[in-house]
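Please work through the following exercises with the sequence and the structure at hand. Each task sentence is followed by a solution in steps.

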Amino acid sequence: MKLKKILPQAITLLVVILIFGFFTMNAQLNMENRGIDFGYGFLSQESSFDVQFSLIEYSGSDSYARAYLVGLLNTLLVSILGIILCTILGVIVGIARLSPNYLIRTTAAWYVEFFRNIPLLLQIFFWYYAALRALPLPQDAEAIFGASYLTIKGFYTPSLIWENLDVFIYSVVAAIIVIIFVRIQAKKLRENVGKHLPVLNISIAILFVLPLLTFLFGGVNVGYETPELKQLAKTSFKFEGGLSIPPELLSLVIALSLYTATFVAECVRAGIQGVGKGQREAASSIGLNRKQVLNLIIMPQALRIIIPPTTNQYLNLTKNSSLAAAIAYPDLVLVFAGTALMQTGKAIEIVSITMLTYLTLSLSISFFMNWYNAKIAIVEK
Amino acid sequence: MGTLNLLRPSKDNLQNNLYLGSFLVGISILDVFLNSFLKLNITSYLPSIISIVLPFLLGMFGFHLMRIEFSGIKNLDRLNKNINTNNFNAALTLLIIFLIIKAIPPVMSWMILDANISGDSKDACTGSGACWTYIKVWFKRFMYGMYPNEHIWRVNLAFIFLVVLAFVGFVTPQKYRNLLTLYYVVIYPIIAFILIYYLISGGEFGLEWVETGAWGGLSLTFIVSFFSLIFCFPLGMALALGRRTELPIVKYVSVGFIEFWRGVPLITVLFMSSVMFPMFLPEDFFMDKLVRVIIAISLFEAAYVAEVIRGGLQALPRGQYDAAKSLGMGYWKMHIFVILPQALKLVIPGMANTFLALVKDTPLIFVVGLAELAGMLQMAKTNPKWLGYAMEGYVFAAIIFWIICYAMSKYSYNLELKYKTDR
């Protein structure tokens with residue numbers, strides 16, 4: 001009996017140790033033969049390559065660690081934009097799939113079937129190499145709302161120029177804290193006295209009024225800069241100033257959110273359908289109106305079903321954003337596992353850092369989700 | 001009665017409302033139709049903004065008139081129930097109809113009416129639509145990559161054999177049915193490997209050696225997904241069982257393996273297989289790029305398969321385990337005869353999704369320099385003789401992948417229905 005338990009474990013352990021031992025031994029031998037030394041010291045060396053698009057100041061004289069940060073931020077930017085867009089689109093499509101209207105239902109179903117059955121890479125290629133290449137040149141672009149331009153070189157839109165931006169951000173943070181406080185108080189009031197405060201309206205009011213006050217008293221000011229068309233050569237034009245979104249980012253975000261939205265839509269649909277019909281009927285029979293039924297009965301239960309698989313999709317989106325390397329958007333994989341690896345030749349170090357970064361991202365999100373899941377799970381007796 | 005009360009359509013003035021309503025809806029759709037198909041604007045005498053929104057307003061009013069509950073006319077009731085329950089729905093209905101009508105002419109003219117397919121060079125593409133000549137000329141490359149033209153029959157033959165052998169399960173007599181699992185899990189992959197090794201790769205029996213670098217196109221997509229699928233399934237099953245045992249070391253090794261592969265993107269795994277993995281092997285040991293890629297994808301997908309199967313194992317009621325144990329079955333007997341058959345049945349949809357994801361992930365192998373369909377497209381569109389036809393290529397590849405994936409998902413749905421048992 002004892003042997004039955006120990007033997008498989010011993011074999012597993014042995015195999016794992018053997019594989020790891022074999023790999024490290026070979027790696028050491030190989031590196032010795034090729035004269036490569038193992039170490040992470042290269043991170044502080046000068047990177048001497050340029051990155052097309054970065055959120056923070058970066059130039060070739062910065063270190064590899066800085067280049068890593070640039071790539072990571074670009075990955076996070078794509079992921080966050082994609083997550084926001086795919087949630088909006090996914091919820092709309094998911095609800096549309098349950099619409100009583102036959103045409104809407106079918107259209108939504110076809111959208112889902114269409115976009116989720118085509119490889120994401122192909123969709124990214126399509127948007128980048130085919131769809132966005134069909135856009136006009138800067139000099140032929142027509143203005144959208146007077147000041148934004150969608151051209152083959154990217155999307156140009158006016159950018160805001162802030163004075164005392166930090167004061168404004170503090171005020172927004174303060175507003176959020178006040179709102180949380182108000183919500184807790186309102187909940188207490190409702191549970192103790194049974195009085196309903198219009199929490200939503202109050203929250204919106206706070207969110208607008210507090211930051212607005214900073215314009216009057218905090219010296220916050222906002223101006224804007226519109227993109228201007230500049231002539232570089234006889235036939236070469238370029239927009240300067242304002243906010244410019246490169247076509248790589250644009251096509252990546254479009255493709256990722258259109259693709260992931262199909263999965264989010266299915267999660268939303270499954271969630272709403274997963275709430276029993278009896279719940280809806282019971283709620284109506286005690287006299288709740290349609291809005292109350294949705295807000296108080298259906299949504300809290302549906303969200304429990306919707307949230308775990310949807311977070312999985314967000315994780316997938318974040319991991320899929322690494323496909324950016326295919327269209328040369330400077331994300332973590334392209335900047336670090338691509339350019340930096342080419343220059344330093346530190347394959348093991350760089351690939352392991354890249355993988356570890358993604359691993360940390362996914363594990364932290366899934367830990368958070370497990371915690372959240374445990375918190376909202378129905379306590380059954 | 002008989003007066004036309006426009007604001008409150010009811011059963012009393014059914015006929016008038018119905019006629020006027022359907023007339024208005026008809027007019028509005030006709031207007032959009034003429035506008036988009038014949039470039040004819042019958043409301044051009046109106047100011048432009050009114051001319052644009054008029055069909056929408058007419059349609060809305062028409063639908064409003066037609067919205068009569070319990071009219072007694074079967075078709076009208078069905079129409080109202082399905083596309084015309086309230087103003088919001090009517091508006092969406094109209095917008096969708098208009099959108100479809102508006103979208104048909106440009107799509108049709110691009111894909112068929114103004115497209116070219118004759119000829120075999122870029123000069124043949126004179127129309128303003130798609131240039132299918134490009135697809136026609138490159139078709140062999142898209143299907144077989146850089147595989148030498150005169151040897152393409154070998155790829156075809158190998159695939160025909162594989163498909164025929166895959167159908168053995170449907171014709172096996174009842175007597176040998178229980179050997180089928182063995183056949184599909186062990187014998188079939190071995191035969192497949194031998195077939196692909198000797199027929200496609202060649203080198204023996206007077207067949208010319210074709211290196212894996214020349215393989216490509218859709219056939220490579222099939223080869224990579226086929227082998228990854230075959231390898232990842234047993235590995236995933238073992239991992240799922242490992243994660244559920246009470247033996248701590250086995251359990252944590254499985255958990256660590258699964259969480260690691262699930263946490264990293266496939267593209268970094270492929271990077272690892274191409275730049276990092278060779279460092280881990282003895283120097284004189286050479287492993288083909290394609291083999292490395294297949295191993296990488298199999299390990300990666302095995303983690304996902306494991307999680308899906310674990311879901312099925314967890315969904316089985318405890319009673320099944322207890323009953324099997326009480327019959328005196330050991331661990332393996334219990335799992336092979338009682339637990340796994342039921343659990344695998346439960347996870348058919350999940351497995352299908354994982355396999356679909358696998359097929360959709362294969363284009364990623366372009367990062368290590370293997371060009372399957374999407375990779376061949378990239379190569380073809382940068383060919384100086386055929387610049388500017390990226391769109392046609394992507395539409396073609398999208399259609400092919402869509403058909404494959406859609407067929408797979410429909411097939412899994414049928415399997416699910418077929419093996420559904422009430423418990």
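**Exercise 1.** Determine the handedness of the crossing of H7(A) and H9(A), and describe how these helices pack.

*Solution.* Step 1. H7(A) and H9(A) cross in a right-handed manner, where right-handed means that the near helix is turned clockwise from the far one by less than a right angle, and left-handed anticlockwise. The model is predicted: local features need pLDDT of at least 70, side-chain atom pairs count only at pLDDT 80 or more, and totals for chains, interfaces and linings use all residues. Residues are numbered from 1 along each chain as its sequence is written, with chains lettered from A and ligands numbered from 1 in the order in which they are written.

Step 2. The axes of helix H7 (residues 247-274) and helix H9 (residues 290-320) of chain A come within 8 Å and cross at roughly 160°. Helices are DSSP runs (H or I, at least four residues; strands are E, at least two), numbered from the N terminus. Axes are lines fitted to C-alpha atoms, for helices over the stretch in contact, with angles from 0 to 180 degrees between N-to-C directions.

Step 3. H7(A) is therefore roughly antiparallel to H9(A), a term for angles over 145 degrees.

Step 4. Among the residues that meet are A:Leu256, A:Phe263 and A:Gly274 in H7(A), and A:Ile298, A:Pro309 and A:Asn320 in H9(A). Contact requires C-beta atoms, placed from the backbone, within 7 Å. The contact residues of H7(A) with H9(A) comprise 13 nonpolar, seven polar and no charged. Nonpolar covers Ala, Val, Leu, Ile, Met, Phe, Trp, Tyr, Cys and Pro; charged covers Asp, Glu, Lys and Arg; the others, Gly among them, are polar.

**Exercise 2.** Identify what covers the buried residues of H10(A).

*Solution.* Step 1. In helix H10 (residues 332-344) of chain A, the buried residues include A:Leu332, A:Phe336 and A:Leu341. Buried means that 20 or more other C-beta atoms, placed from the backbone, lie within 10 Å of the residue's own.

Step 2. The cover includes helix H2 (64-96) and helix H11 (347-376) of chain A, together with H11 of chain B.

Step 3. After H10(A) comes A:Gly345, with a positive phi near 75°.

**Exercise 3.** Describe the side of chain B that touches chain A.

*Solution.* Step 1. In chain B, 42 residues are in contact with 47 residues of chain A.

Step 2. Elements giving two or more residues to this side include helix H3 (74-83), helix H11 (266-276) and helix H17 (390-418) of chain B. The largest share, nine residues, comes from H17(B).

Step 3. By class, this side of chain B has 32 nonpolar, six polar and four charged residues.

Terms used
Two residues are in contact if their C-beta atoms, placed from the backbone, lie within 7 Å. Angles under 35 degrees count as roughly parallel, over 145 as roughly antiparallel, 65 to 115 as roughly perpendicular and the rest as oblique. A residue is buried if 20 or more other C-beta atoms lie within 10 Å of its own, exposed if 12 or fewer, and partly exposed in between; C-beta atoms are placed from the backbone.
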